[in-house]
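Subject: Structure handover

Hello,

Please find the structure below.

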Amino acid sequence: MSPELINLIIQATGESLYMVGLAALIGTAFGLPLGVFLATSRKGELFAAPIVNRVLGMVVNATRSTPFIILVVAIIPFTRLVAGTSIGSTAAIVPLTIASAPFIARLVEAAIREVDGGLIETASSFGASPMQIVLKVLIPEALPGLLLALTLAVVSLLGYSAMVGAVGGGGLGDLGIRYGYQRFMPEMMLAVVVVLIALVQLVQSAGDYLARRVNRRLRHR
Amino acid sequence: MKAASMNAHPSLAIGRPIETLAAMSAAATAPDAMVRFEGISKTYPAYRGKPGVNALQDIDFAIPRGSITGVIGRSGAGKSSLVRLINGLERPTKGRVVVDGRDISALAGRDLRLAQRSIGMIFQHFNLLSSRTAAANIALPLEIAGWAKADIRARVAELLALVGIADKHDRYPSELSGGQKQRVGIARALATRPSVLLSDEATSALDPQTTRAILDLLANINRELGVTIVLITHEMSVVRQLARDVVVLDAGHVVESGHVADIFTHPKHPITQSFLAEVIGDSLPVSLASRIVSEPAAGGQAVIRVQVRGAGAGDTLVARLARELGLDVSLLSARIDEIGGQHVGSLTLGIPLGMSGGEDATTRTLDWLSQYQFPAERLGYVA
């Protein structure tokens, strides 16, 4: 493989990491609070607001059921508004974030709901405010689950990021389609797939390791 | 109301009637009660097809300052609701709960959270945070109360020593035994120096030996720190070992309340009697029960069961009976236990029948027992 092609792969990998990293970060910034709220706002819960919970739940479901490639195209005006352009890696971060935030929210909701309800009662019994319960009890106790959720989100984002090539987003997926598929360069296609597999392995292993590190539930002497 | 039942029993008059009566009226009327339930009812509304539940009805009683009070009842009797009214986790549908002079049921938000810091609680399943070490679990209520880091560190060390697990400072709950976890729970509940400690079936998940150790620890804490302890339990043995006062709850009503010794030496309500039976047992040994017949036989014995209640009651009963009536009384079975310093139990005696199966001696024995106010019944005869 020529040095130019190798350079292309390195550049595309950088674009992919940039898009996925930033989208995961911003997606978590929105998805984590949203997920915590979804997990604590049903009737009788910490931040009980059943109607808001319902409405947010429906918005989340709607976003999640829209095929990603349609979402990318449908929100182009919004992307232009936020990123100043609708083409390129930076622009691609907008649909990636919008797709990942509700996904992360649902994963966070599930992880938070796993925390024993007795702990909420316990913290309430010594006068913790709802916010203190979230920050000092729910999130620390759900941390292993939250890390695994984030890992899953990043892996999914790597997959999504291959699709934003359609709007000039760049990245590994885009490279694979343009060179590997459209220019009949099987070695390029193979290289892209290998890099993607390596990235997913890396992210998953790192996530598993971190989740195990913070999980004290099963640690023995 | 208790005076009548006490005077009816001469053996009880020895020892502690004056102290008992004084403390009793104090519990009912003292302005110094630590917790006072005033006309409390708690109803859970119907929800998602499930009908509403009247968990508690017309509850009126006081928990004396510095006491250890047991709240005993079968599951579903309303114990959990009752204890959660004390620390404001639940609100009464009617009435008020006054804790340390303050109507906790009227507080909300920040005021309630501040009041909750003076009421500690321990749980059946310990409810420790798995992500925090023993020390960090104990620190949690202090962090929530906004203590400075250095103060927290000092207080946590003090508490770990108090509950006897100073060496478990850095252990996670998954590395601790059940008893050790409950010790962490107790230390955490005491962290903010509460005046009341609520225990919700705190020993129900522990083995008997560990239960005993934890109950001893609670007794020490009550004695040394003067913390008022309210114990929710369905186990009579817990009340017997630890509590001075008891409230018997059944189907949302308080059916009896007062000193443990008085309640369990003269149980009135069937529920109370059934709890007592758990401790002293009211069944005869199988070998004896199987021999009992309903007709007297010449040369046999009448089987009489005598209830023993009170301080030192029954100590000399058999000897006196034998001496004063000149009978060869045999002791067939006996079970006597101590509850709140009072003996509670029963003796099963064999009284010789005449050569022709006559019951003269039996009649004299029953008369003698009723004269000294020992409740007795004839169960039958053995050959």
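This is a predicted model: local features need pLDDT of at least 70, side-chain atom pairs count only at pLDDT 80 or more; totals for chains, interfaces and linings use all residues.

Residues are numbered from 1 along each chain as its sequence is written, while chains are lettered from A and ligands numbered from 1 in the order in which they are written.

Helix pair. In chain A, the axes of α1 (residues 3–40) and α7 (residues 130–161) come within 10 Å and cross at roughly 145°. Axes are lines fitted to C-alpha atoms, for helices over the stretch in contact, with angles from 0 to 180 degrees between N-to-C directions. Helices (H or I, at least four residues) and strands (E, at least two) are DSSP runs, numbered from the N terminus. Residues making the contact include Ala23(A) and Gly27(A) of α1(A), and Leu150(A) and Ala153(A) of α7(A). Two residues are in contact if their C-beta atoms, placed from the backbone, lie within 7 Å.

Sheet. Chain B has an open sheet of four strands, ordered β12-β13-β11-β14, with antiparallel pairing. Strands β12 (330–339) and β14 (376–382) of chain B are at the edges with a single partner strand each, so one side of each has no neighbour in the sheet. Pairing needs at least two DSSP bridges between two strands. β11 (residues 301–310) and β13 (residues 342–352) of chain B pair over 10 bridges. Val308(B) sits opposite Gly345(B) in β13(B).

Chain contact. 22 residues of chain A touch 21 residues of chain B. On the chain A side, α6 (117–125) and α7 each supply at least two residues.

Best wishes
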